[in-house]
Amino acid sequence: MHIAKDLVAASATPLVLGILAEEESYGYAILKAISERSGGRLEWTEGLLYPLLHRLERLGYVDAHWRTPEGGRRRKYYAITPEGLKELAEQRKQWDAVTEALQDIWKATRSIVPTPGPVLEG
Amino acid sequence: MTENETELETQIAEWRSYMLRRRAVASADVDELEDHLRERVADLTETGLRPDEAFLIAVKRMGRMDELSREFAREHSDRLWKQLVLTDEDAPAEAEQRRGLLVMVVCAALGVLAVKLPALFGFGFDDSMEFYGRNAGLLVLAPLAVYFAWRRKVSRGTALALLGLFALGAVGANAYPVEDDSQSIVLTAIHLPLALWLVVGVAYAAGDWRSGQRRMDFIRFSGEWFIYLVLIGLGGGVLTAITLGTFSAIGIDAETFISEWLLPCGVAAAVVVAAWLVEAKQSVIENMAPVLTRVFTPLFAVTLVAVLVAIGLTTNAIDVERDMLILFDLLLVVVLGLVLYSISARDPVAPAGLFDWMQLALVVSALLIDVLVLIAILGRITEFGFTPNKSAALGENLILFVNLAWTAWLYWGIVKGRKRFALLERWQTDYVPVYAAWVWVVVLVFPPVFAFA
């Protein structure tokens, strides 16, 4: 299934903040987590993720720091800040409103929900 | 390390260097992306792919580089013009940069100290112009040599050689019993800084002065250093004017402060700071210097042609006063500098174009002017005999003549597509020791030969 670009962009911030709210993480792991959470339906590019992370850092929603594990390569970790948590709560309210409205509409227009087509045999 | 892994490392290194060329992507971001790339490669190899296959897929997934860098540019639009910001906290070589800054500050302080220390022994800046004329080059360039020796961690042998050469310069400047108003002392004041500048080049190359590549680097560095020095000088001029003006407005005469402190200390520090800026802000100057070259090459070419036409029309001979000779030598050196710089900055495989014809015209007209100057000098020498000034001028113009003539010949071959640019570069770097030898001769041999005239 292909998810429209605008929808991907709109959901990007709450997804990243939500993942970081669970625990601090780094780029590749965030990308993997998003892919897993969406059952592989949300495929982000690096061109989306890293500029977004840097923007969140600039806005103060996440803190970034480099860490070098013993004998390993240095890696940039991101952790959510109190402002980030506030922003996540705010985004969540907005998304809840949107999904509630959508749920309502889906119920009302049940008839046009893509029903499984007639099973063709043979 | 297995062969596969080495191959992967080379591929990643190559990818890195491509990525680093994107100006919107800072080197810390490349580090981050590289980490990402490696993780993905590791995951893919776990599923049974060979490292090179995994690398291909990982790079492909990352998206086309220009798309990626466009996304970065959108978020980091500031990077495209804010490159002058001095602190880049994320830079991978952060510690190294800090060290460079520290070394720079210490050496700039050394420079200030070197310029002001003689004042303790009665050589004030205002009333010992003669002392500073002889030693200015020594005093400001020694800290610069220290800076490079320190930054490059030169070997003990190189350090000793540098020390020896500077000591030799000090002896050449001060040991001879020359009169304050003699020609020799002026020649030393001009030539010693040049000689010592090339010694700084030895420190710059970390002792590896035989390498043509290093010499070319130093030539480029010289041009870029000069640009930064001029910029700092312009700023310093504004500062001086404002200081003078504001203090005179409140009835305090700041002139002594400026001539005794601000000016000498500022110059001494700027010499080191400019050298540091060239390396710390490499990308800035790399963008600026080729542009300046492009702008001024045609202008100088037009000027030189105009001078030649004027000489041809009026049949006025060139006046061989000392100032005039220095001016002409300076002009020829600037021409060489422009040629050298555009050579070092151009893509060696690009075919010769209009700009190369312009450069050839520049070199040929410089050559013709040099011939005229040489004729004028020889005329004066046959009439009045050798003096230190005329001999030095003769030597310099001959040296420049040989260089320009061969440069013109090589350039002709290049424009015609028969020769490669590398030849011209080789010629110029091989020629540097000739300058070094000549300036040392003028400093050390001329005074006794001309009986300290």
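Begin by selecting β1 and β3 of chain A, two antiparallel strands that are joined by 2 bridges; strands here are DSSP runs of E at least two residues long, helices are DSSP runs of H or I of at least four residues, and both are numbered from the N terminus. What you have open is a predicted model, in which local features need a pLDDT of at least 70 and side-chain atom pairs count only at pLDDT 80 or more, while totals for chains, interfaces and linings use all residues. Residues are numbered from 1 along each chain as its sequence is written, and chains are lettered from A and ligands numbered from 1 in the order in which they are written.

Stay with these strands and pick A:Ser25, which stands opposite A:Tyr78 in β3(A).

Next, show both chains and look at where they meet: 14 residues of chain A are in contact with 17 residues of chain B, contact meaning that the C-beta atoms, placed from the backbone, lie within 7 Å. On the chain A side, the elements giving two or more residues are α2 (27–37), α3 (46–59) and β3 (75–80), and α3(A) gives the most, with 7 residues.

Move on to chain B and select helix α9 (residues 212–249) together with helix α10 (residues 255–280), which pack at an angle of about 150 degrees with their axes 9 Å apart. The axes are lines fitted to C-alpha atoms over the stretch in contact, and angles run from 0 to 180 degrees between N-to-C directions. Angles over 145 degrees count as roughly antiparallel, and α9(B) and α10(B) are therefore roughly antiparallel to each other. Among the residues making this contact are B:Phe221 and B:Trp225 of α9(B), and B:Ile258 and B:Leu262 of α10(B).

Finally, colour chain B by pLDDT, the predictor's confidence in each residue, from 0 to 100. Chain B averages 82, and 89% of the residues score at least 70. Confidence is lowest in helix α4 (residues 65–75) of chain B, at a mean of 71, and highest in helix α7 (residues 156–174) of chain B, at 90. Over residues 79–92 of chain B, the pLDDT is below 50.

Conventions
Two residues are in contact if their C-beta atoms, placed from the backbone, lie within 7 Å. Two strands pair if DSSP finds at least two bridges between them. Angles under 35 degrees count as roughly parallel, over 145 as roughly antiparallel, 65 to 115 as roughly perpendicular and the rest as oblique.
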